[in-house]
Amino acid sequence: MRPGKSYLYTTIVLCVIGSYSSHNNMFDVFTMFAAGLIGFFMQKFGFPVAPTILACWYRTDDGGFPQGAHSFLRQFRHLRG
């Protein structure tokens, strides 16, 4: 049994409110929708989600040691401005 469309709309509204209220910035809302679309298409085309997240988390910029989460978050904050 599938839930009604009201659950879908309620979930979307709550996600938009939550992502906007974190920093009062529409960039966070667009980032949420972009991540949702990427996740939707990854699931639709059969990409494994966990290895992709680990690849983003532990990527290396110069072929050396993994940068880890602190570098990823620092670069993300720099892009936000």
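**View 1. T52 in helix α3.** T52 belongs to helix α3, which covers residues 49-57. Helices are DSSP runs of H or I with at least four residues, strands are runs of E with at least two, and both are numbered from the N terminus. The model is predicted, so local features need pLDDT of at least 70 and side-chain atom pairs count only at pLDDT 80 or more, while totals for chains, interfaces and linings use all residues. Residues are numbered from 1 along each chain as its sequence is written, and side-chain values use heavy atoms, with hydrogens and water left out. T52 has a relative accessibility of 31% and therefore counts as partly exposed; buried means under 20% relative accessible area, exposed means over 50%, and partly exposed is in between, with a 1.4 Å probe and protein chains only. The C-alpha atom of T52 is 9.5 Å from that of M42, and the two residues are ten apart along the chain.

**View 2. The whole chain.** Read from the N terminus, the order of its elements is α-α-α-α. The chain has 81 residues, of which 9% count as buried.

View 3. Helix α1 contains 19 residues, and the distance from its first C-alpha to its last is 29 Å, close to the 27 Å expected at 1.5 Å a residue. The expected span is 1.5 Å times one less than the number of residues in the helix. C15 is part of α1 and is partly exposed, because its relative accessibility is 36%. S22 is also in helix α1. Its relative accessible area is 45%, so S22 is partly exposed. A polar atom of the S22 side chain lies 2.9 Å from the backbone oxygen of S19. A polar contact is a pair of N or O atoms within 3.5 Å; within protein, one must be able to donate a hydrogen and the other to accept it, and residues adjacent in sequence count only if both atoms are side-chain atoms.

**View 4. The loop between α1 and α2.** N24 sits in the loop that joins α1 (5-23) to α2. Phi of N24 is positive, near 55 degrees, in a residue other than glycine. N24 is exposed, because its relative accessible area is 56%. At the start of α2, a side-chain oxygen of N25 comes within 3.1 Å of the backbone nitrogen of F27.

View 5. C15 and M32 are 17 residues apart along the chain, with their C-alpha atoms separated by 8.2 Å. S19 and T31 are twelve residues apart along the chain, and their C-alpha atoms are 8.9 Å from each other. T31 is in helix α2 and counts as partly exposed, because its relative accessibility is 27%.

View 6. Helix α2 runs over residues 26-44; its 19 residues should span 27 Å at 1.5 Å a residue, and its end C-alpha atoms are 27 Å apart, which agrees. Its buried residues are D28, V29 and M42. These residues lie on the same side of α2, because they cover an arc of only 155 degrees around the axis. The arc is that of the directions from the helix axis to the C-beta atoms. F30, L37, I38 and K44 are exposed on the other side of α2.

View 7. L37, F40, F41, F45 and F47 make up a nonpolar patch on the surface, and together they have about 560 Å² of accessible area. Patches consist of residues with over 30% relative accessible area and no salt bridge; like charges are joined within 9 Å, and nonpolar side chains (Val, Leu, Ile, Met, Phe, Trp, Tyr) within 5 Å. A salt bridge is a side-chain nitrogen of Lys or Arg within 4 Å of a carboxyl oxygen of Asp or Glu. Accessible areas come from the Shrake-Rupley method with a 1.4 Å probe, and for residues only the protein chains shown count as cover. F41 is in helix α2, and its relative accessible area of 40% makes F41 partly exposed. G46 follows α2 and has a positive phi, near 80 degrees.
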